Number of protein chains: 2
Amino acid sequence: MTTMGDVARIAGVSASTVSHVLNGTRKVNTATRLRVEAAIEETGYRRNVVARSLAAGRTHTVGLSISALTNPYFASLVHAVERALSEAGYVLIVGDSHDDVGSEKRVTDSLLDRKVDGMIVAPAAGSERVTIPEITRTGTPLVLIDRGIDIGCDQVGPENFSAARSLTEHLIELGHHQIAVVRGLSGISSTTERFDGYCTALADHGIAVDAALVLDGESNTDVAEREVRSLMSSANRPTALVSLNNAMTIGSLKAVRALGLSIPSDLAFVCYDDFEWSNLFEPRLSAAAQDVETIGAMAVELLLRRIRGEEFAPQQIRIPTTFHHRNSCGCA
Amino acid sequence: MTTMGDVARIAGVSASTVSHVLNGTRKVNTATRLRVEAAIEETGYRRNVVARSLAAGRTHTVGLSISALTNPYFASLVHAVERALSEAGYVLIVGDSHDDVGSEKRVTDSLLDRKVDGMIVAPAAGSERVTIPEITRTGTPLVLIDRGIDIGCDQVGPENFSAARSLTEHLIELGHHQIAVVRGLSGISSTTERFDGYCTALADHGIAVDAALVLDGESNTDVAEREVRSLMSSANRPTALVSLNNAMTIGSLKAVRALGLSIPSDLAFVCYDDFEWSNLFEPRLSAAAQDVETIGAMAVELLLRRIRGEEFAPQQIRIPTTFHHRNSCGCA
DNA sequence: CTGAAAGCGCTAACAG
DNA sequence: CTGTTAGCGCTTTCAG
């Protein structure tokens with residue numbers, strides 16, 4: 001493998017000069033630069049970023065710990081983050097935490113060991129006690145994504161509370177009183193906030209929260225299917241349902257289909273998170289869509305500013321959701 | 001930041017010993033090891049993987065260049081690869097090539113510069129002329145995924161030809177003669193192979209390929225929608241359609257819906273690639289599903305063997321697809 | 001069983 | 001405008 005020294009020798013200059021033409025870090029005589037470039041071309045030299053990182057103390061690498069790469073929402077998030085980073089000349093290392101603090105710790109430790117310049121984390125439940133402290137201890141810039149944690153660090157996520165509230169209110173305005181909800185994994189802020197939105201909507205309209213109508217879907221398709229199925233075949237059958245994330249929406253729809261019920265005639269349905277195909281089939285889903293691109297881009301922007309050493313108060317950014325009003329809610 | 005030297009000083013040993021307890025690379029007296037471990041604990045020392053990589057000449061990092069992180073198929077592939085790698089103690093760096101050689105070159109160059117121990121690439125059209133040679137020149141182990149290239153290197157992908165042929169045959173056996181096809185991006189092997197499968201099925205049953213029924217969907221939802229829409233509103237309307245990948249399936253369905261046609265009564269429909277929701281809505285899609293997990297795991301396995309220095313003839317592995325027979329094809 | 005010492009390939013003062 | 005010289009933090013012979 002050719003090194004910078006080899007190139008220098010061939011070009012008849014010092015390694016230092018080669019480094020500077022490569023990085024544009026200082027003025028170099030055009031003639032010498034040309035010679036260096038020729039030598040690089042001739043040898044097919046590739047800089048060794050590992051050595052460079054060690055010497056410079058920066059890796060131009062950012063780590064991302066995500067909950068579930070298989071969830072299309074998170075996949076898009078990874079995509080958005082990757083794009084924003086690569087535009088800025090950074091490279092992304094991804095790890096999947098499977099929404100488990102243990103795995104998350106392993107992922108973030110490995111990222112820390114690799115001396116990433118910054119880190120983006122979608123914190124699992126319990127993260128604030130184990131993962132986050134370790135990251136902040138090293139002084140690595142950190143921004144939380146999707147879910148928040150009550151700690152002084154930058155975070156960017158979607159609007160949860162108001163979106164879930166509107167979703168629920170829409171159902172109430174349609175005359176429903178028996179509105180069930182499938183809520184996500186406990187211990188993460190998005191679940192709490194969305195559920196709060198649901199509760200607030202009910203409260204605002206003088207409807208008491210009926211514990212029997214609150215389903216724990218654990219952000220999981222199968223669990224949601226089971227829960228919805230059992231609720232919908234019980235005596236206490238609701239007339240409307242709000243699903244609080246995409247995976248659970250699939251599960252809910254499966255359950256409804258398996259029972260031979262139809263939406264919206266037997267059950268009005270709205271959900272948090274939109275799908276590419278939401279508009280394609282009957283029932284066309286009335287859904288609150290997140291703006292993933294913006295969430296990803298924002299997170300990267302904040303992180304890069306921290307990496308550059310900018311000082312500013314911790315930001316807590318909420319990206320608005322958009323309500324796509326279709327017909328699963330039972331409107332014309 | 002604490003370094004290995006600091007730990008050594010505190011433990012009263014040499015850096016060399018610290019290194020060896022950390023890596024288990026040689027026998028260390030239990031007493032000394034304990035002291036070292038205590039010092040590590042006390043200081044909260046984290047190894048510097050960058051320095052380690054430079055010294056050891058291996059980064060325990062694998063690069064992945066993928067066509068489109070937003071396509072759920074590729075997202076699952078990334079997931080499968082990430083999982084297999086992390087089990088083996090490797091870390092994944094992802095780059096999105098957007099199916100463009102230019103971007104692909106940028107991605108792979110950056111990966112090469114980072115001295116990844118190996119590389120997995122879903123080659124874009126033209127890759128064999130620009131990206132692949134550069135990778136092999138550096139001697140970095142490489143395995144091609146999803147698409148192949150006529151070059152002596154390991155590749156793993158789904159069965160394309162036979163799956164597409166079966167899909168088409170199914171339609172023929174149902175009595176269709178006017179079978180249209182939406183094919184993917186030109187220049188990549190999966191497109192060619194799947195299209196060949198379609199042509200062969202027709203030929204085997206004495207049906208000539210009608211150029212007017214061959215649509216170029218460019219592996220893109222919008223393009224497919226436009227094409228299908230225009231074909232389906234023409235005089236020469238086919239009675240059946242086979243879509244050759246997931247993105248184009250969405251487009252096709254959009255077009256069909258927009259025209260107010262219904263599947264399968266107005267148009268029998270089968271597709272390559274399955275969806276999580278294929279079974280959820282009418283028409284329930286009859287589809288050939290890829291086994292992404294296996295594809296990812298296989299690719300990683302081959303790559304790790306190459307990284308370990310094993311010598312063997314280049315492998316070309318095809319993972320079978322599964323036909324999910326539902327009702328969009330028009331069967332009971 | 002342990003330590004000394006020579007790098008890995010590059011960056012960045014510093015000096016000229 | 002360019003070269004010299006220290007490292008960056010770790011691994012790994014080679015001695016002992």
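1. The side chains of A:Glu193 and A:Arg318 form a salt bridge at 2.8 Å, N to O (a side-chain nitrogen of Lys or Arg within 4 Å of a carboxyl oxygen of Asp or Glu). This pair ties together distant parts of the chain, 125 residues apart: A:Glu193 lies in helix 9 (residues 189-204) of chain A and A:Arg318 in strand 11 (residues 316-319) of chain A. Helices (H or I, at least four residues) and strands (E, at least two) are DSSP runs numbered from the N terminus. A:Glu193 is buried at a relative accessible area of 19%, and A:Arg318 is partly exposed at 35%. Buried means under 20% relative accessible area, exposed over 50%, and partly exposed in between, with a 1.4 Å probe and protein chains only.

2. The model is predicted: local features need pLDDT of at least 70 and side-chain atom pairs pLDDT 80 or more, while totals for chains, interfaces and linings use all residues. Residues are numbered from 1 along each chain as its sequence is written, chains are lettered from A and ligands numbered from 1 in the order written, and side-chain values use heavy atoms, without hydrogens and water.

3. A:Arg83 and A:Glu293 also meet through their side chains in a salt bridge, at 2.7 Å, N to O. Here helix 5 (residues 72-87) of chain A, which holds A:Arg83, is linked to helix 12 (residues 292-307) of chain A, which holds A:Glu293; the two residues are 210 residues apart. A:Arg83 is partly exposed at 33% relative accessibility, and A:Glu293 is partly exposed with a relative accessible area of 33%.

4. In chain B, the side chains of B:Asp274 and B:Arg326 form a salt bridge at 2.5 Å, N to O. B:Asp274 sits in the loop between strand 9 (268-272) and strand 10 (286-289) of chain B, and B:Arg326 in the segment after strand 12 (322-324) of chain B, 52 residues apart. B:Asp274 is partly exposed at 25%, whereas B:Arg326 is buried at 12%. Elsewhere, salt bridges with shared partners join A:Arg46, B:Lys105, B:Asp109, B:Asp113, B:Glu134 and B:Arg137 into one network. Over all chains the structure holds 36 salt bridges.

5. Chain A has 12 helices and 12 strands. Its radius of gyration is 25 Å, well over the 20 Å that the globule rule gives for 332 residues, so chain A is more spread out than a compact globule. The radius is taken over C-alpha atoms, and the rule is 2.2 Å times the number of residues to the power 0.38. The C-alpha trace of chain A spans about 85 × 40 × 30 Å along its principal axes.
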